[in-house]
Amino acid sequence: LFRLIILQSAPRVAVVLSWLLHHPAGVVPIVSTSRVARIRQCAEATEVGFSRQQWYEVLAASRGQSLF
């Protein structure tokens, strides 16, 4: 995940939200903040892209597995 944050040069929250937005189940995250700066960071999630391979790499890593 940290490698993707660096590659995307986006805030961590934007990369995490983008990962959720790319979830095959159609997850719709709810952002619970009233801080304008945080909302702007979250909005950057729409600009972060994930390839299918990248998405599954993050999923596997979160489960402690390796794809390779």
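**Exercise 1. State the handedness of the crossing of α2 and α3, then describe how these helices pack.**

Solution. 
- Step 1: The crossing of α2 and α3 is right-handed. The model is a predicted one.
- Step 2: Locate the helices. Helix α2 covers residues 12-21. Helix α3 covers residues 36-43.
- Step 3: Two packed helices are described by the angle between their axes and the distance between the axes.
- Step 4: Read them off. The angle between α2 and α3 is about 50 degrees, and their axes are 7 Å apart.
- Step 5: Classify. That angle makes α2 oblique to α3, because angles under 35 degrees count as roughly parallel and 65 to 115 as roughly perpendicular.

**Exercise 2. Find the residues through which α2 and α3 meet, and sort them by class.**

Solution. 
- Step 1: List the α2 side. Val-13, Ala-14 and Leu-17 take part.
- Step 2: List the α3 side. Here the partners are Arg-38, Gln-41 and Cys-42.
- Step 3: Sort them. The contact of α2 with α3 has four nonpolar residues, one polar and one charged.
- Step 4: Assign the names. Val, Ala, Leu and Cys count as nonpolar, and Arg counts as charged.

**Exercise 3. Is Ser-18 buried or exposed? Name its contacts beyond its neighbours within four places in sequence.**

Solution. 
- Step 1: Ser-18 sits in helix α2.
- Step 2: Check its area. The relative accessible area of Ser-18 is 0%. Buried means under 20%, so Ser-18 is buried.
- Step 3: List the contacts. With those neighbours left aside, Ser-18 touches Ala-45, Val-48, Gly-49 and Phe-50.

**Exercise 4. Identify the two aromatic pairs, and state which residues form the aromatic cluster.**

Solution. 
- Step 1: Count. There are two aromatic pairs.
- Step 2: Take the pair of Trp-19 and Trp-55. Their rings lie 4.7 Å centre to centre, with 5 degrees between the planes. Planes under 30 degrees apart count as stacked, so this pair is stacked.
- Step 3: Trp-19 belongs to helix α2 and Trp-55 to helix α4 (residues 52-62). They are 36 residues apart, and the pair links distant parts of the chain.
- Step 4: Take the pair of Trp-55 and Tyr-56. The centres are 5.0 Å apart, with 80 degrees between the planes. This pair is edge-to-face.
- Step 5: Check burial. Both Trp-19 and Trp-55 are buried. Trp-55 has a relative accessible area of 5%. Tyr-56, at 40%, is partly exposed.
- Step 6: Join the pairs. Trp-19, Trp-55 and Tyr-56 form one aromatic cluster.

How values were computed. Residues are numbered from 1 along each chain as its sequence is written. This is a predicted model: local features need pLDDT of at least 70, side-chain atom pairs count only at pLDDT 80 or more; totals for chains, interfaces and linings use all residues. Side-chain values use heavy atoms; hydrogens and water are left out. Helices (H or I, at least four residues) and strands (E, at least two) are DSSP runs, numbered from the N terminus. Buried means under 20% relative accessible area, exposed over 50%, partly exposed in between (1.4 Å probe, protein chains only). Contact means heavy atoms within 4.5 Å. Axes are lines fitted to C-alpha atoms, for helices over the stretch in contact, and angles run from 0 to 180 degrees between N-to-C directions. Angles under 35 degrees count as roughly parallel, over 145 as roughly antiparallel, 65 to 115 as roughly perpendicular and the rest as oblique. A crossing is left-handed if the near helix is turned anticlockwise from the far one by less than a right angle, and right-handed if clockwise. Rings of Phe, Tyr and Trp (its six-membered ring) pair if their centres lie within 6.5 Å; planes under 30 degrees apart count as stacked, over 60 as edge-to-face and the rest as tilted.
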